[in-house]
Protein chains: 2
Amino acid sequence: MSKQIRLNALDMNCMGACPGLWLHPKDETGGYTTLPYWMNVARILERGLFDSLFIADIFGVYDVYQGSADSAIRLAVEFPVCDPFLLVPALATVTENLCFGITGVLSYEPPFSFARRVSTLDHLTGGRFAWNIVTGYLNSAAKAFGKPTQMAHDDRYKMADEFMEVVYKLWEGSWEDDAVVRDKEKGIFAHPEKIHKIKHAGKHFEVEAYHLCEPSPQRTPVLFQAGASTAGRSFAARHAECVFITGLTTKMTAGIVSDIRAKASSHGRDPAGVIIYTAMTVIVAPTDEEAQAKLEEYKRYVSIEGTLTLYGGYSGIDFSGYDLDTQVDYVESDAIQTFVECFSILDPDRTWTLRQIAEFLGIGGFAPIIVGSPQTIATELERWMTETDIDGFNLVYAVSPADLKDFVDTVVPELQGRGVYRTTYPPGTFREKLYGEGKRHLPEDHPAARYRHRSQTLSRSQTNVNTHESTP
Amino acid sequence: MSKQIRLNALDMNCMGACPGLWLHPKDETGGYTTLPYWMNVARILERGLFDSLFIADIFGVYDVYQGSADSAIRLAVEFPVCDPFLLVPALATVTENLCFGITGVLSYEPPFSFARRVSTLDHLTGGRFAWNIVTGYLNSAAKAFGKPTQMAHDDRYKMADEFMEVVYKLWEGSWEDDAVVRDKEKGIFAHPEKIHKIKHAGKHFEVEAYHLCEPSPQRTPVLFQAGASTAGRSFAARHAECVFITGLTTKMTAGIVSDIRAKASSHGRDPAGVIIYTAMTVIVAPTDEEAQAKLEEYKRYVSIEGTLTLYGGYSGIDFSGYDLDTQVDYVESDAIQTFVECFSILDPDRTWTLRQIAEFLGIGGFAPIIVGSPQTIATELERWMTETDIDGFNLVYAVSPADLKDFVDTVVPELQGRGVYRTTYPPGTFREKLYGEGKRHLPEDHPAARYRHRSQTLSRSQTNVNTHESTP
């Protein structure tokens, strides 16, 4: 294994990541509305030298199961859910190197004020900010914003492309690198001729404005993307620096990874420059037996109804009409058949009941679960790295922060002892930590680069003039 | 004087509040993009037992002077300006009682996600959040959001009324008080029948959704408003709990105060319940002479061009075409004549040149300046309280944080010694600190109360049933 392992922690600004697990005695996610809970999580992750705390988000509620939101409300299935952006400034005060990858749904808010929020966070964190680009997938979210239904999947991605164009113009094109001088002698803050009003008139957005923030350490934040669909992967290949995927097996994961790298390459980007993390649930204890017992104990808290509520929301299938204990190959529905087909990947000869599927998804969702001693876990993580060409893992917890703490205290030292995990943080911004010192800004092969001013682009990279274009 | 003095500090997420003062050697506002600068300011204000750090905001740039934004850019006149909401979580980590009054422009962003941001902040601060409701006044902001021009002034306030209706429904009407039980025994987070989807279909907004946050300590945050126009005052009288005004003299201020209280009364609200702060610039030093010398020294840094840029933006008048040293009664323009008429309040027999006006506005803007020893300042603040019926002051600095620190270190003890300023913080949320223990939520005479559920309203105030209405 040549690459070092990279780690993120997946979280959400709500109670418990796995339906029902907030009932576990060790669960502390009930403190999600308070700063001390989050500050504790951030300190644990920084101690473990994680790349980032990655916070998912939704703007709606899961209301497919039984045709209502009742089960989501009763069982706290990703509901209520608070704004994730607002955690970052507080967590930046108690960390120095941990970065923050925050989900921002771009379907409902104007790009102009969104761009200011992101630049402000990049400033306040000293360049430790990443944006996880999401188009949203819930009809309930669309209705909250006065739209009868969400846009069709592929149209959402077209709109997302235009949204990206606007924010790239604001982040990369509005202020030249040497615009701000803060010259107290001459009384000059910035040179007006080096600050440009962006003028965008597209199908979805119209913006005529200067970006309100002076350039932040990274300008465009590190870009995350998690889409798994064809349109989503193609979008990720164009825009994302870090891609989150989920694969149940190493084979399935390797296929997704090679597809994403090939797509990035076809867009003129360095395929190795796309950093791919796969979701992974790790249940660790001093011995393999104790770890297995821990998993079994966790499973007792899984809410079957909560899990079907969650996956009903994801898939649009109301699972409440199906018998939990009927094998799914007897179920007369194309939709549900499609949903469960992915389980055949795990074991082609096995058929599943809905209850078994819910139990499986209850801990960690579609992320594989690896269970064992720190040594067993380390070996398994190394195997995944070797067999899939991923760059690292997006760690999914069952009980927070206990699982994160156990991982950091036992698996991280084991990985470090094997030489496959760093022992200190690299310096600089998030992008520098990912790509090396001096790489604070998006590279010239990224689509955002074309919105830079020619003078700026030239001074950055005199040797690479062929790729330059002036701002449209 | 029967009332105790209340204090807020006025600030903005940009360089220097007064044009040119960022050039002063003691100015530290150049650190506005960093957390340490703001954490220091917050600690100073909490030491001084201030009600809140109040942060103004704009979404545009001042581009009236010479018909361009060049002077605003060159001289850093409220530009660039970062998002103020994102300072709050960080400042909440280093304070326990200081509250945060943050300007949120409601003209361009959807109420649904805005309501979630505010609830999240009220949660994270433990109920120390206030929203300063602003409709915006810049055409440059409208263009940034794809609108050719801002809405007409009175239409903006009608839209604002509808925006308020939506957020009241979300904050007050979506979750009943006893909806959330977090019952780990029964595995119930909340009772679905006590959480309601709000359905709003109005002229400007359409929202069908549950509020995404469980009730925060204050539900609706403390509501600030700063409008001075007739429509603005009427809006404030209906909605605002705290009103910010600016009056150059005690007589002018007393008139505004009595008008606001009368308007609140005419809307069925307790006129004394509206807390009114007037803007005030305080230049303090150990002796009156030293304070006067300090002011003269500050004045040397005032940028005349920057001040005219700022007030050009406020008023829509391009002052660049006028001779700076011509007395304004010779100027042949209705617009500029109107602008300067307010100065005759200060001295009816005096005429002003534009340069004199800019010099006057340069420190503290339309806020009066009081200059002197801590004793002189305390006497003057007491006089303002007695002669105007205000509740306190919105402190404007010239040099930050030096002026705030001087005020807290010298004027606050003087006021405390006179028994006109508190010596400890009252307990509780911001609203409780303003209105007394137990008053966490808006009172029944506030328009937001009508969106509460009947069951909820009844249980809160059994004796006052006449004012109840069920959720529309």
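**Symmetry.** I superposed chain A on chain B in this predicted model, and a rotation of 180° with 0.0 Å of shift along its axis does it, at an RMSD of 0.0 Å (least squares on the C-alpha atoms of residues with pLDDT of at least 70 in both). The two copies are thus related as by a two-fold rotation axis. I looked up which residue of chain A comes closest to that axis, and it is A90(A), its C-alpha at 2.0 Å.

**Interface.** I found that 100% of the interface residues of chain A are also interface residues in chain B, so the copies meet through the same surface (contact means heavy atoms within 4.5 Å).

**Salt bridges.** I searched the whole structure and found 58 salt bridges over all chains (a side-chain nitrogen of Lys or Arg within 4 Å of a carboxyl oxygen of Asp or Glu). One of them pairs R116(B) with D57(A), with the closest N and O atoms 2.6 Å apart. R116(B) lies in helix 4 (residues 111–124) of chain B and D57(A) in the loop between strand 2 (52–56) and helix 2 (70–75) of chain A, so this pair joins two chains (helices are DSSP runs of H or I, at least four residues, and strands of E, at least two, numbered from the N terminus). I noted both residues as buried (under 20% relative accessible area; exposed is over 50%, partly exposed in between; 1.4 Å probe, protein chains only).

**Within chain B.** I also looked at R418(B) and E414(B), whose closest N and O atoms are 2.9 Å apart. R418(B) is partly exposed at 31%, while E414(B) is buried at 19%.

**Numbering.** Residues are numbered from 1 along each chain as its sequence is written.

Note on methods
Chains lettered and ligands numbered in written order. Predicted model: local features only at pLDDT ≥ 70, side-chain atom pairs only at ≥ 80, totals over all residues. Heavy atoms only, no water.
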